[in-house]
Amino acid sequence: MFGIIAVDQITKWAVVEKLEEQRAYPVIGEFFRLYLVRNPGAAFSMGTNATIIFSIFQLVAFLACIVLALRTRYMAGALPIGLIGGGAAGNLVDRIFREPGGMHGHVVDFLSFGSFAIFNVADAAITVGVVCYLIYAFFIEPANHVREERKEQEKSSEEQEDTSEEVSR
């Protein structure tokens with residue numbers, strides 16, 4: 001979680017220091033370029049007047065991810081929690097400390113693929129985290145649940161066999 005926050009903030013710092021706003025810096029032609037913008041809204045710059053709501057939502061998401069990370073039993077469950085929590089916190093740092101500040105700050109976005117939205121490392125972490133969580137929730141967790149049920153049934157069968165052996169003696 002904290003690694004995502006660090007990478008997100010370091011890349012934002014580097015981009016703000018080195019790039020001019022609203023200017024494209026091609027990396028792989030027009031397919032991938034760096035393009036610095038400051039976004040007061042959410043994805044696709046929606047909700048530009050709801051910055052405080054996004055800030056509160058990001059704070060709640062970050063805190064929830066910390067709680068969930070402490071409670072998860074499987075690494076496969078911890079990965080998406082870390083990505084989502086780190087991404088939420090990375091953008092929250094911008095909302096708190098970047099102009100105009102105080103939970104109204106603008107998020108630094110700079111990764112641009114084709115004509116798709118411009119985003120940052122935190123946004124990518126949230127997206128990848130959600131995809132990983134869906135894979136975990138629909139495939140890995142049910143398999144873990146089935147495996148645990150089998151173990152319990154085997155243990156119960158063994159206990160019944162032990163009890164019946166003692167009774168027959």
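V130, V131, Y133, L134, I135, F138, F139 and I140 make up a nonpolar surface patch with about 770 Å² of accessible area together. This is a predicted model, where local features need pLDDT of at least 70, side-chain atom pairs count only at pLDDT 80 or more, and totals for chains, interfaces and linings use all residues. Residues are numbered from 1 along each chain as its sequence is written, and side-chain values use heavy atoms, leaving out hydrogens and water.

**The nonpolar patch**

- To join a patch, a residue needs over 30% relative accessible area and no salt bridge; like charges are joined within 9 Å, and nonpolar side chains (Val, Leu, Ile, Met, Phe, Trp, Tyr) within 5 Å.
- A salt bridge here is a Lys or Arg side-chain nitrogen within 4 Å of an Asp or Glu carboxyl oxygen, and the areas are Shrake-Rupley values with a 1.4 Å probe, with only the protein chains shown counting as cover for residues.
- V131 sits in helix α4 (residues 121-168); helices are DSSP runs of H or I with at least four residues, strands are E runs of at least two, and both are numbered from the N terminus.
- V131 counts as partly exposed because its relative accessibility is 45% (buried is under 20%, exposed over 50%, partly exposed in between; 1.4 Å probe, protein chains only).

**Aromatic pairs**

- There are 5 aromatic pairs, counting Phe, Tyr and Trp rings (six-membered ring for Trp) with centres within 6.5 Å; planes under 30 degrees apart are stacked, over 60 edge-to-face, and the rest tilted.
- F2 and F62 pair edge-to-face, at 6.4 Å centre to centre and 85° between the planes.
- F2 is in helix α1 (residues 2-18) and F62 in helix α2 (residues 51-71), so this pair ties together parts 60 residues apart in sequence.
- F2 is exposed at 57% relative accessibility, whereas F62 is buried at 14%.
- F31 and F113 also go edge-to-face, with 5.6 Å centre to centre and 75° between the planes.
- F31 lies in the loop between β1 (24-28) and β2 (32-39) and F113 in strand β3 (residues 107-113), so the pair ties together parts 82 residues apart in sequence.
- Ring pairs link F31, F32, F113, F116 and F119 into a cluster.

- I4, I5, D8, Q9, K12 and V15 are the buried residues of α1.
- Down the α1 axis, those buried residues fall within an arc of 130°, so they line one face of the helix; the arc is taken from the directions from helix axis to C-beta atoms.
- On the other side of α1, F2, I10, W13, E17 and K18 are exposed.
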